[in-house]
Amino acid sequence: MIVLAIVIPVLAAAALIVLVAAYRRREVRSVTGRLSRRTRLRDRLARRAEPAAAAERPTGRDVERAAVLARRAPDDLPAVPEPDDDVPWTPPDDEAVGVTRRQFLNRSIVGFMGLSLTGLGAAILGFLWPPFVTGFGAVLNVGTVDSLKTQVQDEDGFLKLPEGRMWVTEYPEGALAKAREVYSPAVLRGMEAGLVALYWKCPHLGCTVPECVSSQWFECPCHGSKYNQVGEKRGGPAPRGMDHFATSVNDRGEFLVDTGKIIQGPPIGTNTTNQEAQGPHCIGEATE
Ligand code: FES
């Protein structure tokens with residue numbers, strides 16, 4: 001990807017340079033003129049037939065050199081007469097000083113192609129460049145594992161982090177053996193640090209799932225789905241447990257949650273923690 005990001009703009013720039021050079025050459029030729037092939041052939045044959053006479057004749061290089069010398073010797077140029085104040089000013093002929101239609105078209109085509117190539121290069125770069133995302137959708141550093149555990153306990157077992165649309169809860173160390181049979185490495189990395197990051201959107205029809213402090217479960221008010229404290233489905237119409245975010249812990253012990261990577265919740269029947277409701281439910285009775 002990085003190679004493409006470099007090669008494509010370089011090719012676009014090279015194509016633009018070739019176009020501009022071709023355009024300039026064409027414009028110069030339109031001013032200086034160009035000998036036809038037949039004339040050049042005739043000159044060559046004449047030089048071969050009479051080499052002595054051809055040697056005396058000035059070559060094209062001699063003519064060019066003479067022209068350059070003439071330009072460098074302004075004393076030889078005819079004096080420009082002083083303008084006569086009495087002569088009324090007449091506007092120059094637009095046709096003579098303006099841009100010819102052909103020049104206008106040529107410049108328009110080159111300009112248009114240059115703009116198109118630049119736009120194409122910018123679009124490709126924009127596509128290949130990693131998007132700069134903050135907030136939900138980005139990898140969030142939500143604090144150190146130790147401070148998060150303290151906050152979870154201070155919040156009666158459920159820490160709500162609106163910037164990541166997530167719930168953070170503790171995962172019991174004793175349940176890790178079962179968890180390793182069910183969860184993906186991206187979820188297990190957080191569990192091994194003692195934490196889970198759950199997407200707060202209900203996997204049934206998308207309501208935001210609140211915590212129920214009395215039962216220590218999550219209980220959805222929309223249709224009554226219930227999930228234990230680590231998001232495993234315990235009742236209601238939801239098709240699976242709550243979805244997780246990919247998690248990791250960095251060298252400084254900070255908990256990183258990738259809110260751009262939503263991992264489907266565990267299937268119905270998963271119950272790695274065996275956590276029963278610890279008090280009255282907030283939403284009706286749990287039904288499968
Ligand atoms: S949206 Fe949560 S149970 Fe239906």
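Modeller: Start with E3. Four of the five residues of E3 are buried, and the strand is mostly covered. Keep in mind that this is a predicted model.

Biologist: What makes E2 and E3 a pair?

Modeller: Two strands pair if there are at least two bridges between them. E2, residues 159–161, and E3 have three bridges, in the antiparallel sense. So E2 and E3 meet the cut-off for a pair. In one place along them, Lys160 stands opposite Trp167 of E3.

Biologist: What lies between the strands in the hairpin of E2 and E3?

Modeller: Four residues lie between the strands of that hairpin, and Arg165 takes a positive phi near 50 degrees.

Biologist: How do you know that E3 and E4 pair?

Modeller: Apply the cut-off again: at least two bridges. E3 and E4 have five, and their sense is antiparallel. Therefore E3 and E4 count as paired. Here Trp167 stands opposite Leu198 in E4.

Biologist: Why is Leu198 called buried?

Modeller: The cut-off is 20 or more other C-beta atoms within 10 Å. Leu198 has 24 C-beta neighbours inside 10 Å, so Leu198 counts as buried.

Biologist: Which residues does Leu198 touch, not counting those up to four places away in sequence?

Modeller: Leu198 touches Met166, Trp167, Gly231, Met242 and His244. The C-alpha atoms of Leu198 and Lys160 are separated by 9.7 Å, and these two residues are 38 apart along the chain.

Biologist: Which residues have the most contacts inside the largest nonpolar core?

Modeller: They are Met166, Val168, Leu195, Val196, Ala197, Leu198 and Val257, in a core of 33 residues. Several elements supply at least two residues each, among them E1 (139–144), E3 (166–170), H9 (185–192) and E10 (254–263). E4 gives the most, with five residues.

Biologist: What does Ala197 contact, leaving aside neighbours within four places in sequence?

Modeller: Ala197 is in contact with Met166, Val168, Gly190, His244, Phe245, Thr247 and Val257.

Biologist: Which residues of H9 are buried?

Modeller: Val187, Gly190 and Met191 are the buried residues of H9. They cover an arc of only 100 degrees around the axis, which puts them on the same side of H9. They pack against H8 (176–182), E4, E9 and E10. Just after H9, Gly194 takes a positive phi of about 95 degrees.

How values were computed:
Residues are numbered from 1 along each chain as its sequence is written. This is a predicted model: local features need pLDDT of at least 70, side-chain atom pairs count only at pLDDT 80 or more; totals for chains, interfaces and linings use all residues. A nonpolar core is a set of buried Ala, Val, Leu, Ile, Met, Phe, Trp, Tyr and Cys residues joined through C-beta atoms within 7 Å. A residue is buried if 20 or more other C-beta atoms lie within 10 Å of its own, exposed if 12 or fewer, and partly exposed in between; C-beta atoms are placed from the backbone. Two residues are in contact if their C-beta atoms, placed from the backbone, lie within 7 Å. The arc is that of the directions from the helix axis to the C-beta atoms.
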